[in-house]
Amino acid sequence: MAQKTLPAPRPTVEDGGHQLFGWLRNMRDEHPVHEDEYGVFHVHRHADVLAVSADPAVYSSELQRLRPDSEALTEEILSVIDPPLHRKLRQLVSKAFTPRTIADLEPRVVELAGQLLDGIEGDSFDLVADFAYPLPVIVIAELLGVPAEDRALFRSWSDRMLSMQVEDPADMQFGDEAGEDYEKLVKEPMKAMHEYLLGHVEDRRKHPGDDLISKLVAAEVEGETLTDSQIVEFGGLLLMAGHVSTSMMLGNTVLCLEENPGAAAQVRADRGIVPAVIEEVMRLRPPITVMARVTTQETELAGVTIPAGRMVVPSLLSANHDERSFPEPERFDPTREARQQIAFGHGIHYCLGAPLARMEGRIALEALLDRFADIHITPGAQLRYHRDGLLGVRNLPLTVRRA
Ligand code: HEM
């Protein structure tokens, strides 16, 4: 039998992912399920990523299983627990975080997008600093019912947590080998965020309003309610999950349109395709490129045996570029059927905020198109990307012509 070649070293996302796209294509063909030097199994094909996400009994989200002795307490965080606790907690938070809650936000998101663009003077600005970052962070703060003026605090927490760069993905959760960095970059901001949110939960128990924290305090399913620490964890998850990824999505939208002037002209001529453009941006450049699971038993995937207790990393980016599901995957084509794209995950942990993110994407793009007749990345701009595992810019200098 022909010996398979070892994969070349994985490129970073510093060039916007272009080298990585080619590398992932080779991985899908040659190493669809690949064990790296840390014993972590990476999953590259769309069908296999779907299979992993759909089977929480074998592919658990309880990463704590990797380090049973770790002091990290994750049993209250929705994204890293399994059924039956996950089902119970998701039902409870879904009582407060309903499609209606999200739909009701629409006029306010339109207003905020307009105000942020009103604040921009002249014909050049940084999309991330002036629009793509503040918009989702203000939305999530207002939704939770915490002062939007505190957003510098949220930013300092998320900047630190997202700057944590580790070799072995398991360290991201537990930081055993990462020592001081982990303390400073993850534990400290996490503690500050918890204390901050707990103050708001305690306040809302005494003085309920109509914000999400008050609704979480009141949520009840079959006589069960949420504890303070469950609300704090959920609030923290929303605050962190809810704004940086959305901000990256808005930056990725402008990047995709810059690279595809035909699509930019198409969406200007037909605003009806705005939702399809956002969906295609999410397919081509998913802001969160990987998920993490741990096997509860020995299993087989694409002919590869994965022992019990191993970390499995399904690549959302690779799945969304899989030519087996998306013909000509590197082509930006808003008319393709992109619904199967899995930037928001799949299965029981499917992103709870997806309708909100999609709405923000749609409104933000409409607002930019209304306001500016031309939008271009400033020639010579040095773009800075988020760390691996994410795909999106930290800055995006634009030059525009007003409509
Ligand atoms: C473009 C923006 C976003 C992207 C790309 C994104 C992506 C994801 C992905 C991939 C997952 C699944 C993780 C897994 O299965 O391990 C997820 C889960 C989640 N997301 Fe999002 N998300 C976005 C925006 C939001 C927003 C705006 C919110 C809330 C305001 C949110 C809240 C959540 C929550 C609570 C979960 C956990 C659900 C569960 O475990 O049951 N996300 N997200």
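How many bridges join strand β2 to β10, and do the two run parallel or antiparallel?

Analyst: The model is a predicted one. Strand β2, residues 41-43, is joined to β10 by three bridges, and the two strands run parallel. Within this pairing, H42 stands opposite V313 of β10. Strand β10 also pairs with β7 (residues 293-295), here in the antiparallel sense and over two bridges. In that pairing R293 is the residue opposite V312 of β10.

Strand β10 itself spans residues 311-314 and is covered on both faces. M311 and V313 lie on one side, V312 and P314 on the other, and all four are buried. In a regular strand, side chains alternate between the two faces of the sheet.

Next, the helices. The axes of α14 (residues 274-284) and α16 (residues 354-371) come within 9 Å and cross at roughly 115 degrees. The crossing of α14 past α16 is right-handed. On the α14 side the contact involves V274, P275, V277 and I278, which meet R358, G361, R362, L365 and E366 of α16. By class, these contact residues are five nonpolar, one polar and three charged.

The largest contribution comes from α12, with seven residues. There are 25 residues around the ligand, and G242, G345, H349, C351 and G353 come nearest. The shell divides into 16 nonpolar, eight polar and one charged residues.

Terms used
Residues are numbered from 1 along each chain as its sequence is written. This is a predicted model: local features need pLDDT of at least 70, side-chain atom pairs count only at pLDDT 80 or more; totals for chains, interfaces and linings use all residues. Axes are lines fitted to C-alpha atoms, for helices over the stretch in contact, and angles run from 0 to 180 degrees between N-to-C directions. A crossing is left-handed if the near helix is turned anticlockwise from the far one by less than a right angle, and right-handed if clockwise. Two residues are in contact if their C-beta atoms, placed from the backbone, lie within 7 Å. Ala, Val, Leu, Ile, Met, Phe, Trp, Tyr, Cys and Pro count as nonpolar, Asp, Glu, Lys and Arg as charged, and the others, Gly among them, as polar. A residue is buried if 20 or more other C-beta atoms lie within 10 Å of its own, exposed if 12 or fewer, and partly exposed in between; C-beta atoms are placed from the backbone. Two strands pair if DSSP finds at least two bridges between them. A residue is near a molecule or strand if its C-beta atom, placed from the backbone, lies within 6 Å of it.
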